Amino acid sequence: MEDILLLEAIERYLNDGMLEEERAYFEQLRKNTPEIDQMVVEHKLFLHQIEALSEHKNLRHSLHESHSRLLDKGDIFEGGEISTKGLVVQLWNRYKRVTAIAASIAGITAMAISGLVAYFSPAAKNSQIELLSRTIKQVVINQNALGAKIKEVDSKIPPNGELTSSGSAFLIDGKGYLVTNAHVLQGSGAVVVNSKGQEYNATIINIDKASDLAILKIRDSEFEPFTSLPYSIKKSGIDLGEELFTLGYPRESIVYNMGYMSALTGYKGDSSSYQISLSANPGNSGGPVFNKNGDVIGIISNRETSAEGVVFAIKSKGIYKLVDELRDSDTAIQKIKMPASSSLKGMARTEQIKEVEDCVFLVKAYNQK
Amino acid sequence: MKQEINEQILLRGLVNNDSKAIDAIYKENFNMVQAFILNNNGTYDDARDVFQEAMITLYEKAKSESFVLTCQIKTYVYSVCRRLWLKKLQQKGRFVAQSDGLEETVSVDEDLEIHEKRNADFVIMERAMSSLGEPCKSLLEAYYINKKGMTEISAEFGYTNADNAKNQKYKCLMRLKKLFFTQYNIGD
């Protein structure tokens, strides 16, 4: 009990809770009793420590309060609810700047690319399919790019004729009958140019928009009919994976390309065409697709815009169908005799091309003003 | 000049645990520190902890009699936070470029040393307290930390009178002092 009173006295003394008289008495006691003096010093230190801890705790509490108060007011910001945030949120907060930068770059790039694509791609039949005929604007661009403007002085296009589109065509009869795509002939007349640059006048015999095929006839005194064509036109017997090649005019000169048979149906299951994989460009439309024996198996018509190397070719059977249909009504068509046998089998590709290239023509369609 | 006076007022407020002053200092400085921590692999929680630690250091400094404010509060707080955070990153084994930012810094190593020593003392005290067990711990906390009166405490803890509570407090205090002084080395 004594000790309790003593300790209480010490605490009162240290906390300035003593009256002057009592204080003087206590100080006297301290001087005379070393044990009490020691207790006072020790307790002072202890009280100081515990006092500091108390202050410290109070301050921490105040700081927490301040923090949540300011957070509520919106003066400070933690990107979400206080403290107990999920890892994802924390990661998001940490990387949101980087993410924002990356997203903007991606956005700008995407817009630039789509802008470029929209600018350079020709008007397509629909968003996914692109016709491979060339509008004449592109021809002009290509000519300019070559730096040599092709003179149209000796052209067989009438002087008041305006070029509208161009594509490729090939002979189906040595007498001068050609097949091309209907969409290539966006005009009232056409001239054809062979691989050596020789131009011939041609008339449009028939355009069948449904099958996207058209028949032309060269009517030109300079044209020397072929006694026979080197290739045949196959009606059937195509296998998946078969090696294919094509010749056409994506530019002013004849261009060779090769690929393979990808699918026996065309765009969205169209049974009148094939899907082939090769590189084709605007201007290839109407060009023949040969198998490795040099038989014509199809006519290049369009490609899928959303995928690379997906080109559609109309089955060569379609030519037979069209010719047969027209035979009854048109006497000119009756004269067409389609080549049934190929003389190219077993030949090297370069030799095959030499034989075939004279039969593949550049078609230039024009409108007379 | 005016700013200096303002800062003196704020610091006095901080020492007196005045919530308005704390809010003002907090608002003025927290966002800068948060940005620094977040840009250096820290989280929002890290930012809050580090900033509050710096506020406590500032409080201790402002409280000491020899205190002289040699720089702006902003500079001081930023310097402490920077030092604390870089230290923490080093402990985690992450190495960061120690390049100084655009912010001005002052040397705070001495203050932080004192602060750390103080924190260590608090740890000793708190550990001693928690090893006391109940009801001693709560009783002493109520009296010494929360500054409650003996009558209030005796009512709260269910003692029949304040003297009994005092008696109990005395016993607890003796045990606590013993525990504390076996850990705490004076002058160490």
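Mentor: Please do, and bear in mind that this is a predicted model. Let us begin with a hairpin: β6(A) and β7(A) form one with four residues between the strands, and there Asp212(A) takes a positive phi near 60°.

Trainee: Which strand joins β7(A) through five bridges?

Mentor: Strand β4 (residues 177-181) of chain A does, again in an antiparallel manner. There Leu178(A) has Leu216(A) as its bridge partner.

Trainee: Why is β7(A) called largely enclosed?

Mentor: A residue counts as buried if 20 or more other C-beta atoms lie within 10 Å of its own. Six of the six residues of strand β7 (residues 213-218) of chain A are buried, so the strand is largely enclosed by the rest of the structure. Both faces are covered, with Leu213(A), Ile215(A) and Lys217(A) buried on one side and Ala214(A), Leu216(A) and Ile218(A) buried on the other.

Trainee: What makes β14(A) largely enclosed?

Mentor: Seven of the nine residues of β14(A) are buried, so this strand too is largely enclosed by the rest of the structure. As for its pairing, nine bridges join β14(A) to strand β3 (residues 161-173) of chain A, antiparallel, with Ala169(A) opposite Phe361(A). A further five bridges join β14(A) to strand β5 (residues 189-193) of chain A, also antiparallel, and here Val192(A) is the partner of Val363(A).

Trainee: Which residues touch the most other members of the largest nonpolar core?

Mentor: That core has 62 residues, and those touching the most other members are Leu178(A), Val179(A), Ala190(A), Val192(A), Val289(A), Ala313(A) and Phe361(A). Strand β14 (residues 360-368) of chain A gives the most to this core, with six residues. Apart from it lies another core, of 30 residues, including Leu59(A), Leu11(B), Leu14(B) and Tyr59(B).

Trainee: With which residues is Val179(A) in contact, leaving aside its neighbours within four places in sequence?

Mentor: They are Ala169(A), Phe170(A), Ile172(A), Leu213(A), Ile215(A), Ile299(A) and Ile319(A). Each is called a contact because its C-beta atom lies within 7 Å of that of Val179(A).

Trainee: What is the handedness of the crossing of α2(B) and α4(B)?

Mentor: The crossing is right-handed. The axes of helix α2 (residues 19-39) of chain B and helix α4 (residues 73-91) of chain B come within 10 Å and cross at roughly 35°. Among the residues that meet are Ile25(B) and Phe36(B) in α2(B), and Val77(B) and Trp85(B) in α4(B). By class, this contact has ten nonpolar, one polar and three charged residues.

Note on methods:
Residues numbered from 1 in each chain as written. Chains lettered and ligands numbered in written order. Predicted model: local features only at pLDDT ≥ 70, side-chain atom pairs only at ≥ 80, totals over all residues. Core = buried A, V, L, I, M, F, W, Y, C linked by C-beta atoms within 7 Å. Buried ≥ 20, exposed ≤ 12 C-beta atoms within 10 Å, placed from the backbone. Helix = DSSP H or I, 4+ residues; strand = E, 2+ residues; numbered from the N terminus. Contact = placed C-beta atoms within 7 Å. Axes fitted to C-alpha atoms, helices over the stretch in contact; angles between N-to-C directions. Left-handed = near helix turned anticlockwise from the far one by under 90°. Nonpolar A, V, L, I, M, F, W, Y, C, P; charged D, E, K, R; others polar. Pairing = 2+ DSSP bridges.
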